[in-house]
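Colleague: I would like to go through this model slowly, one question at a time. Could you begin with a single residue and then widen the view?

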Amino acid sequence: MSFDISALKVLIKKVFPPKKSIYTVDTTGDGKADALLIKALNLIMPILIPKEIEIGGFSTKSFDVKNFELSDYGKIYLDEIPINVSKKDYDVEKLKDHFALYHKGEKFAIDDLLRGKLAGRMIALGDTIDILIKIDEDGLEKFSEGKHTFKFMSKIIPTLEFNFELGKENLNQSFDSVHN
């Protein structure tokens, strides 16, 4: 079955503005980027975060991070190059420490999200959600100056793809200077 997702593509471009959605940032203050910051702008409508999220075969009610395998849900690509995120290749406990979500200055770790700490929180129209992902130096090299494409292909939802552009204003910025 084929879906017309042209409206979704326009929406993704608005939620993730190409020149203002992706940054390489320094979170330690040593002047060297060590993380990727993804900014998402809520332009749809106010969203009340539910206690449980269910999409296709994914449910936070029965979610077990120790047995989660992203490849069971889809594949991630950066500039058409697959990004392998397999639990076989990573220590799940360490990996959890590499992700954080920020809303209105408050930080939420993966464990906070899984415990429902965001449940009941209102993401107002115009609010920004910042996703911080700690990445090693080799991984950050992939985020070079120029145009890029991020794609998530899944059997659960239509393919999500967004284009972004990195320039001097997006590369090696202080986390505090671009975070909310």
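Modeller: Let us begin with Ile-44, which is found in the loop between strand E2 (35–41) and strand E3 (47–48); helices (H or I, at least four residues) and strands (E, at least two) are DSSP runs, numbered from the N terminus. This is a predicted model, in which local features need pLDDT of at least 70 and side-chain atom pairs count only at pLDDT 80 or more, while totals for chains, interfaces and linings use all residues. Residues are numbered from 1 along each chain as its sequence is written, and side-chain values use heavy atoms, with hydrogens and water left out.

Colleague: Is Ile-44 buried, partly exposed or exposed?

Modeller: Buried means under 20% relative accessible area, exposed means over 50%, and partly exposed lies in between (1.4 Å probe, protein chains only). Because Ile-44 has a relative accessible area of 49%, the class that applies is partly exposed.

Colleague: Which residues make a nonpolar surface patch with Ile-44?

Modeller: Patches are made of residues with over 30% relative accessible area and no salt bridge, where like charges are joined within 9 Å and nonpolar side chains (Val, Leu, Ile, Met, Phe, Trp, Tyr) within 5 Å. A salt bridge is a side-chain nitrogen of Lys or Arg within 4 Å of a carboxyl oxygen of Asp or Glu, and accessible areas come from the Shrake-Rupley method with a 1.4 Å probe, only the protein chains shown counting as cover for residues. The patch has about 280 Å², and the residues that make it with Ile-44 are Met-45 and Ile-47.

Colleague: Is Ser-21 buried or exposed, and which residues does Ser-21 touch?

Modeller: Ser-21 lies in the loop between helix H1 (6–15) and strand E1 (22–26), and because its relative accessibility is 0%, Ser-21 counts as buried. Contact means heavy atoms within 4.5 Å. Not counting residues up to four places away in sequence, Ser-21 touches Phe-16, Leu-37, Ile-38, Lys-39, Phe-162 and Phe-164.

Colleague: What is the phi of Glu-80, and what is the phi of Asn-172?

Modeller: Most residues other than glycine have a negative phi. Neither residue is a glycine, yet phi is positive in both, at about 70° for Glu-80 and about 50° for Asn-172.

Colleague: With which strands does E8 pair?

Modeller: Two strands pair if DSSP finds at least two bridges between them. Strand E8 (residues 99–103) has 4 of its 5 residues buried, and Tyr-102 stands opposite Asp-130 in E11, while His-103 has Glu-106 in E9 as its bridge partner. The pairing is antiparallel over 5 bridges with E11 (residues 128–134), and antiparallel over 4 bridges with E9 (residues 106–109).

Colleague: Which strands are the edges of the open sheet?

Modeller: The open sheet is formed by 6 strands in the order E9-E8-E11-E2-E1-E14, with mixed pairing. An edge strand pairs on one side only, and the edge strands are E9 and E14.

Colleague: How many helices and strands are there in the protein?

Modeller: Of the 180 residues in the protein, 33% are buried, and the protein exposes about 11,500 Å², with 56% of it supplied by carbon and sulfur atoms. The count is 5 helices and 14 strands.
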